[in-house]
Amino acid sequence: MDVLYFAWVRERIGMPREVVQTDAATVADFVAELRAREERYAAAFEDLSALRVALDQELADFDAPLAGVREIAFFPPMTGG
Amino acid sequence: MRISVQEAPFDLGAETAAFAAGHSDIGAIVTFTGVVRDLPDDRMDAMEIEHYPGMTEKAITAMAQSAVERFALGDALIIHRHGRLQPGEMIMMVATASRHRKDAFEAAMFLMDYLKSRAPFWKREISSTGAEWVAATDEDEAALSRW
C-alpha cells in the first residue's frame, strides 16, 4: 500500500511517502502497526484526534476498512482558503 | 466551472472579467479573494502552502459541483495557490455566478467554509523565530455545520 504523509506528520516521520505491506483490516489496525515500528511513528500517531486520514484520496474515518484500498494518507486538519 | 490549483500568481481582474464574460442569463457575480496576512507581532518572511496533488483537485471539484447544484449557480471558478508566498500576495479566489445575488453570496460563503476545512492544504508561517504550521480552528470546523 502507498502511504503518504503531509505537513507535520511528514516532518515527524521524516519522509513524504513509502510503500508498506500490511494485512490490517482497518485504518486503526494499520496505525497500530505503524506505531509499533519505531518511535517516530509513535510520535506522529500519538493523538489520533489531531489527525485526518484519506483512503484513495477521499476523507475517511479511522474505523474504515482497508480492503481494496491502494493509497492511504495521513495529515493534520486542513487549513485551506 | 473551472478549478485551478497552481503555484503561479493569478490576475484577479483578468480572471474576474473572463468569468463574467459570456453570461447573459445571470444577474450576479460574487468574488472572494484570500490574501496572505502578516503576523500580528512579527514579520512573516513567507507562507508555505503544501497540498495533496490529486486529492486537492478532486475535493475542490466535488465542492464546486455541490455548490452549483445547491445554489443553482450558472458558473463557479476556484483558483488556489500552493508553494511559497509573501505577505500581501493573493492565495486564492472564488467566483460564483447566479441569477440573483443571494445565491451567489451564499455559494461563495459555502465554498470558502469548505475550502478552509476540507480541501487538503496546509499552511506554514515562516518568520525570524522559526516556522509554525497554522492550526485549524474550532470555528472553521463549526462553520460547516450551518450548511
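1. Among the contacts in chain A between residues at least 6 apart in sequence, 52% join residues at least 24 apart. For chain B, among contacts between residues at least 6 apart in sequence, 78% join residues at least 24 apart. Please keep in mind throughout that this is a predicted model, and that every value below is computed from it.

2. Chain A holds three helices and five strands, and, read along the sequence, these follow the pattern β-α-β-α-α-β-β-β. Its radius of gyration is 12 Å, close to the 12 Å that the globule rule gives for 81 residues, so chain A is as compact as a globular protein of that length. Taken along the principal axes, the C-alpha atoms of chain A fill a box of roughly 30 × 30 × 20 Å, and buried residues account for 25% of its 81 residues.

3. Chain B contains four helices and eight strands, which from the N terminus on run β-α-β-β-α-β-β-β-α-β-β-α. A compact globule with 147 residues would have a radius of gyration near 15 Å, and the 16 Å of chain B agrees with that. The C-alpha trace of chain B spans about 50 × 35 × 30 Å along its principal axes, while 31% of the 147 residues in chain B are buried.

4. The contact between the chains takes 13 residues from chain A and 21 residues from chain B. On the side of chain B that touches chain A, the elements giving two or more residues are helix H2 (55–70), helix H3 (101–118) and strand S7 (121–127) of chain B. Of these, H3(B) supplies the largest share, five residues. By class, the residues on this side of chain B divide into 12 nonpolar, four polar and five charged.

5. Which residues of chain B does A:Gly81 contact, leaving aside its neighbours within four places in sequence? They are B:Gly34, B:Met92, B:Met112, B:Leu115 and B:Lys116. A:Gly81 itself is placed in the segment after strand S5 (71–75) of chain A, and it counts as buried because it has 21 C-beta neighbours inside 10 Å, where 20 or more is the cut-off for a buried residue.

6. Two packed helices are described by the angle between their axes and the distance between the axes. The axes of H2(B) and H3(B) come within 10 Å and cross at roughly 155°, which makes H2(B) roughly antiparallel to H3(B), given that angles over 145 degrees are placed in that class. The crossing in which H2(B) passes H3(B) is right-handed. From H2(B) the contact draws on B:Ala59, B:Met63, B:Ala64 and B:Ala67, and from H3(B) on B:Ala107, B:Phe110, B:Leu111, B:Tyr114, B:Leu115 and B:Arg118. Sorted by class, this contact of H2(B) with H3(B) has nine nonpolar, no polar and one charged residues.

7. Most residues other than glycine have a negative phi, and two backbone positions are worth a look on that account. The phi of A:Asp56 is near 45°, a positive value in a residue other than glycine. A:Asp56 lies in the loop between strand S3 (52–55) and strand S4 (58–60) of chain A, and, with 15 C-beta neighbours inside 10 Å, A:Asp56 counts as partly exposed.

8. B:Ala72 likewise has a positive phi, of about 50°, although it is not a glycine. Its place is in the loop between H2 and strand S4 (75–81) of chain B. Is B:Ala72 buried or exposed? With 12 C-beta neighbours inside 10 Å, B:Ala72 counts as exposed, since the cut-off for an exposed residue is 12 or fewer.

9. A last point concerns A:Arg17, which is placed in strand S2 (residues 17–19) of chain A. Not counting residues up to four places away in sequence, A:Arg17 touches A:Asp2, A:Val3, A:Leu4 and A:Tyr5. The C-alpha atoms of A:Arg17 and A:Ile72 are separated by 9.8 Å, although the two residues are 55 residues apart along the chain. With 14 C-beta neighbours inside 10 Å, A:Arg17 counts as partly exposed.

Notes:
Residues numbered from 1 in each chain as written. Chains lettered and ligands numbered in written order. Predicted model: local features only at pLDDT ≥ 70, side-chain atom pairs only at ≥ 80, totals over all residues. Contact = placed C-beta atoms within 7 Å. Nonpolar A, V, L, I, M, F, W, Y, C, P; charged D, E, K, R; others polar. Axes fitted to C-alpha atoms, helices over the stretch in contact; angles between N-to-C directions. Parallel < 35°, antiparallel > 145°, perpendicular 65-115°, else oblique. Left-handed = near helix turned anticlockwise from the far one by under 90°. Rg over C-alpha atoms; globule rule 2.2 N^0.38 Å.
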